[in-house]
Amino acid sequence: MGINYFTLGVILLLLLALVIWLVLRNRKDEKDFEQDNIDSSPIDQNDPDKE
């Protein structure tokens, strides 16, 4: 029983693409989260439309 190197290569390539996609998505989400924290202003308690 031999190793199918083509299938193994495709699987490794897909796993690498998944890891890269997750890292890039995490960085984007982290950047958006930090920007939201910087830009957020306290909600005016007298204005119910802002809740």
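1. A search of the whole structure turns up 1 salt bridge, a term for a side-chain nitrogen of Lys or Arg within 4 Å of a carboxyl oxygen of Asp or Glu. The partners are Arg25 and Asp29, whose closest N and O atoms are 4.0 Å apart. Both residues sit in helix H1, 4 residues apart, about one turn of the helix. In an α-helix there are 3.6 residues a turn, so residues three or four places apart point the same way.

2. A word on the basis: this is a predicted model, in which local features need pLDDT of at least 70 and side-chain atom pairs count only at pLDDT 80 or more, while totals for chains, interfaces and linings use all residues. Residues are numbered from 1 along each chain as its sequence is written, and side-chain values use heavy atoms, with hydrogens and water left out.

3. Now the overall fold: the secondary structure comes to 1 helix and 0 strands. Helices (H or I, at least four residues) and strands (E, at least two) are DSSP runs, numbered from the N terminus.

4. Do look at the start of H1, where a side-chain oxygen of Asn4 comes within 3.3 Å of the backbone nitrogen of Phe6.

5. Arg25 is partly exposed at 44%, and Asp29 is partly exposed at 38%. Leu18, in helix H1, is partly exposed as well, at 42%.

Notes: A polar contact is a pair of N or O atoms within 3.5 Å; within protein, one must be able to donate a hydrogen and the other to accept it, and residues adjacent in sequence count only if both atoms are side-chain atoms. Buried means under 20% relative accessible area, exposed over 50%, partly exposed in between (1.4 Å probe, protein chains only).
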